[in-house]
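Good morning, and thank you for coming.

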Amino acid sequence: MRLLKYKPSKLAVTARRNRQELIQAGLTRRDLVKMGLMAGSGYLVTKSGLSARASDEPESPPTTPWSQPLVVPPAASNVTLTPAPAELAVTGEAPRAAHPFWTRFLPQKKHELRAQVFQHSYHPELPLNTAWGWGGTLPGTTIMARYGEPISVRFRNELPALSAHSGFGRPEVSTHLHNLHTAPPSDGFPNDFYATGLFKDHHYINAYAGFDTPAYFPLGDPREALGTLWYHDHRADFTSQNVYRGLAGFYLLFDDVDSGDEGDTSPTALRLPSGEYDVPLLFTDRVFDEDGQIYFDMFNFDGILGDKFLVNGKVQPFFKVARRKYRFRLLNGGPSRYYRFFLSNGASFKIISSDGNLLPAPITAQSVLLAVAERVDVIIDFTNTAIGDKIILENRQEQDDGRGPDEDILPAGQGNAVLRFEVDRNAPDPSQVPATLRQLPPVTLSEVAATRTWELERTNGAWAINGQFYDPNVVRANPTRGTAEIWTLRNSSGGWSHPLHIHHEEFRILSIDGAPPPPRLAGRKDVIDVGRLTGSEIQIFLRFRDYVGRYVMHCHNTLHEDHAMMLRWDIIP
């Protein structure tokens, strides 16, 4: 732990002041490059009084670990919405679009999440910080949903008007529900952002993929079930900044297999740990300036690594646990750091999911690796611990910069202590972890209608796919509804890592550098690390079912996404 308080240089103070002025002017880094104010390398040009360099990031003030309890975000309430949601989307989206399958999946529940400014305490030894959050919490309120129960979620923008905004980020939002199989009007397309005072109703039908094909009509293939999802802002050019400010939360989805009830007597139910023993954990890292205020270097193209480790918005919290099994839903919220978690007592994890989708069988492992935006559900069994035991969840993945993780794993006790479990009681445990979880759907190569190759590249100090930066008006691929394709994802960026995310539907990995995927990556995925720790050439199989319209693929190191490793692709009839 760093103990010295950061003393900024005059150059750093000047750089920060210049950054603030440019942010308030609403300029992105790409705008500055176009204006000739920034070189492709990420340095400010000495021009018009700008500093020669803008990369002096502060070192956060010291804080005492285990000074505050873990906070579990509250669940969203079912509400009455006025005006009532309708088939036609009604916000600043242009052109306005109808929700497909509206009458077939009329919403049975309705939620309203408000993007708000509030004062947040990251740590008792730091001052209050101005944060953005859905529902005024960080993370935002958790949406609890079930298959067969369509819902409508109203995302209302109550952030300050752009004219009154200060600091990093942009008070315009477009919310993406990461991993849900959903229609384009509700997917959170990056350029469908809307301003303060407006809202958008998303229609989440909560049906399995394949619901509009005869073989699986009317609710889809239950082997395609999803479990641990998350929603986050996706505003074009400002995703990294808006999520860094706090615009993210969990969406948990259940069915008759993963029923959310460890006492469920149904023969189909897995009876995994549930209720207070089913805990979502959002991991992020942040930088604070010498005044204890959260800091974002908007001139960093490569990736921001914080020196403070947050779990559900709190720096190094503790969590009191009972002597029994728990389900923890691990989410790497970014923006750029990879995690490889170990338990300080040497206990193992039972990995039950990949990107929140249940595996065919649990995997016992000593560590859990999370690229940015990946989710892994694990079972930790505290049954054989003693009351009074304290167990550290430690990140031992070596990573020095935004280039990506190193291959080295740090020795025990030399990594980042992130969360402390404190065993304080006994509790009954009717839960179980069955030897069989959820069957995988087949990979049917006869469905393949096309193959494509995507090169992930570093270009002019920024990030491109097949030599092109993101342009929302350029359609880079047109797969046909009802077909499948094989995509080859190739890292040509010179040693950088890219956690790549594809919207719409999960994919299956066929090969990694010519070899079959390991068991932890053999399930259904929506994020794959194309880089140092996984492989530089990955071949995937993906289907295009149910919907038509526009989606995106992008790097989920959100600094790379914003500048500008993203592309639009459309499903056509």
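**A short tour of the chain**

Let us begin with His504, which is located in the loop between β25 (498-502) and β26 (507-512). Please keep in mind that we are looking at a predicted model. His504 has a phi near 100°, a positive value in a residue other than glycine. Is His504 buried or exposed? Its relative accessibility is 4%, so His504 counts as buried.

Trp66 also deserves attention on account of its backbone. Although Trp66 is not a glycine, its phi is positive, at about 60°. Trp66 is found in the loop between α2 and β1. The relative accessible area of Trp66 is 16%, and it is buried because the limit for that term is under 20%.

The loop between α2 (29-35) and β1 (109-120) also holds Pro83. The peptide bond from Thr82 to Pro83 is cis, with omega near 0°. Another cis peptide bond joins Leu138 and Pro139, where omega is about -5°. Pro139 is placed in the loop between β2 (129-134) and β3.

That brings us to strand β3 itself. Strand β3 runs parallel to strand β8 (residues 248-254), and 5 bridges join the two. In one of these pairings, Arg146 has Phe254 in β8 as its bridge partner.

Now the chain as a whole. How many helices and strands are there in the protein chain? There are 4 helices and 30 strands. The chain has 573 residues, of which 61% count as buried. Among contacts with a separation of 6 or more, 77% are between residues 24 or more positions apart. The chain exposes about 20000 Å², and carbon and sulfur atoms supply 52% of that area.

I turn next to the aromatic residues. Searching the whole structure gives 28 aromatic pairs. One of them is formed by Phe155 and Tyr231, a tilted pair with 6.1 Å centre to centre and 55° between the planes. Phe155 belongs to strand β4 (residues 151-157) and Tyr231 to strand β7 (residues 228-233), so this pair links distant parts of the chain, 76 residues apart. Phe155 is buried, at a relative accessible area of 0%, and Tyr231 is likewise buried, at 0% relative accessibility.

A stacked pair is formed by Phe168 and Phe296, with 5.4 Å centre to centre and 25° between the planes. Phe168 lies in the loop between β4 and β5 (175-178), and Phe296 in the loop between β10 (294-295) and β11 (308-311), so the pair ties together parts 128 residues apart in sequence. Phe168 is buried at 6% relative accessibility, and Phe296 is buried at 3%.

Ring pairs also link Tyr277, Phe319, Tyr326, Phe328, Phe382 and Phe421 into a cluster. Charged groups meet rings as well: the charged end of Arg235 sits over the ring of Phe193, 3.7 Å from its centre. Arg286 lies over the face of Tyr244, at 4.1 Å from the ring centre.

Finally, consider Glu262, in the loop between β8 and β9 (278-288). Glu262 counts as buried, with 9% relative accessibility. Which residue does the side chain of Glu262 join through a polar contact of 3.0 Å? The partner is the side chain of Arg324. Setting aside residues up to four places away in sequence, Glu262 touches several others, including Tyr277, Pro430 and Ser431.

Definitions and conventions
Residues numbered from 1 in each chain as written. Predicted model: local features only at pLDDT ≥ 70, side-chain atom pairs only at ≥ 80, totals over all residues. Heavy atoms only, no water. Phe/Tyr/Trp six-rings, centres within 6.5 Å; stacked < 30°, edge-to-face > 60°. Buried < 20%, exposed > 50% of the residue type's maximum accessible area, 1.4 Å probe, protein only. Lys NZ or Arg CZ within 6 Å of the ring centre and 35° of its normal. Contact = heavy atoms within 4.5 Å. Areas by Shrake-Rupley, 256 points an atom, 1.4 Å probe, with all protein chains shown as cover. Pairing = 2+ DSSP bridges. Polar contact = N/O pair within 3.5 Å; in protein donor to acceptor, adjacent residues only side chain to side chain.
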